[in-house]
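Please look through the sequence and the structure below, and then follow the paragraphs one residue at a time.

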Amino acid sequence: MEVELLTWLPPRSLVRFRAVCKKWNSLLNDKSFLNQHSSRSRPQFIFLTKSKTYSIDVDLGGAGVGPTIKMCEVASDFPCQPMNWENINVASCDGLLFRLIEFKEKDFYFGGVGYDSNRPEKGYQILGYFCRVDDTCKKGYDKFAVYECAAKTFKFIDSPFRKWSLWSAITEAAAPLSLKGNLFWIGYCDEIRESTIQSFSFSRGIFIKKFCMLPCEKVFYVNKLVLAIYKGDRLSLLNQRYATGKIEIWVTKDKIDDRAQVVWENLMNLSTTNLPRLKDEYYGVRYFIIDKTIIMCYENSQTGAACVYIVSGDMFKKIPIDYGNVLECYHRVYFPNLIRLPLEFRRSLEI
């Protein structure tokens, strides 16, 4: 019961409780405890500006108190700083925040972060590509590769995609989702002429163009689809209809397994017209679900205004994100994938 209670406490309290006794200090280093605590942690939004990184914690309130947000600067000390801030990528994987800098002279471009789940120890890997030109037809193509961080080696892999730009243009996100070590995104499968959930398995080293079908009808480039992580081990899908602006939320019934059949179920439908139209927002739209409340965060590409939207049943609240003059210094704000930051183990890895 003691361990059970500790898993429900906020991270800052647990950090202080390290000094209570040796038993608790040892417990807070235990991987099984960290995983259990992480699964119960409330998700946060993380975004990066030119000079700082911020986290946004959402409190849904209760007992007559409305929802609120709390912004905190994420402490970081990066030894390497880029000359061009457009070359920065931010991604997340199992509670770790990755801040990656692309060095154009190295000719390797970032795709996503994951790991081989079959190995006893997690060895983080980066999926990316090298730009190449076919000497015969003089057409450009991308050579896909996996970079193993520990070994500092590249492994080239076969891909059904000739160009990463063609693949990334239809994912409608800055980077694929990392879930249980594998990458997931929404793409178009030309063999069946339909949109599907696609994947890359680091364990098997292969792309999967038809991981599963979408649970809802999709007319490509009309409705807006956003993929997210649900309950830490499942997928959820937001579908906003172009004609009405109504939103459907679908979730996978069971935990995601790259070899098991995926079954979708409709979690909720939102008919409110107060939510923004997301059709033309190709970057930065992120959301997560707590019970049957959807919390969405994104920056309007036209106005540069970033807001948090909270919707549950008939309740709707829009909360502007106030970060002073940061937006003026760096207009584009990146909203990386949903991440969890347990205890003081929040850390950034500079690749």
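In this predicted model, S236 is found in strand β15, which covers residues 234-240. The relative accessibility of S236 is 1%, and because buried means under 20%, S236 counts as buried. Leaving aside residues up to four places away in sequence, S236 touches a set of residues that includes V226, L227, A228, W250, W264 and I289. Y287 is also one of the residues that S236 touches, and here the two side chains are joined by a polar contact of 2.8 Å.

Another salt bridge links E248 with R241, with 2.8 Å between the closest N and O atoms. E248 counts as buried at 13% relative accessibility, whereas R241, at 31%, counts as partly exposed. Salt bridges with shared partners also join D116, R119 and E148 into one network. R234 forms a salt bridge with D233, the closest N and O atoms being 3.5 Å apart, and D233 is buried, with a relative accessible area of 16%.

Finally, an unreviewed UniProt entry annotates residues 5-34 as an F-box domain. This span is 63% helix and 0% strand, and its end C-alpha atoms lie 13 Å apart.

Terms used: Residues numbered from 1 in each chain as written. Predicted model: local features only at pLDDT ≥ 70, side-chain atom pairs only at ≥ 80, totals over all residues. Heavy atoms only, no water. Helix = DSSP H or I, 4+ residues; strand = E, 2+ residues; numbered from the N terminus. Buried < 20%, exposed > 50% of the residue type's maximum accessible area, 1.4 Å probe, protein only. Polar contact = N/O pair within 3.5 Å; in protein donor to acceptor, adjacent residues only side chain to side chain. Contact = heavy atoms within 4.5 Å. UniProt positions renumbered as here; feature names shortened; annotations may be inferred. Salt bridge = Lys/Arg side-chain N within 4 Å of Asp/Glu carboxyl O.
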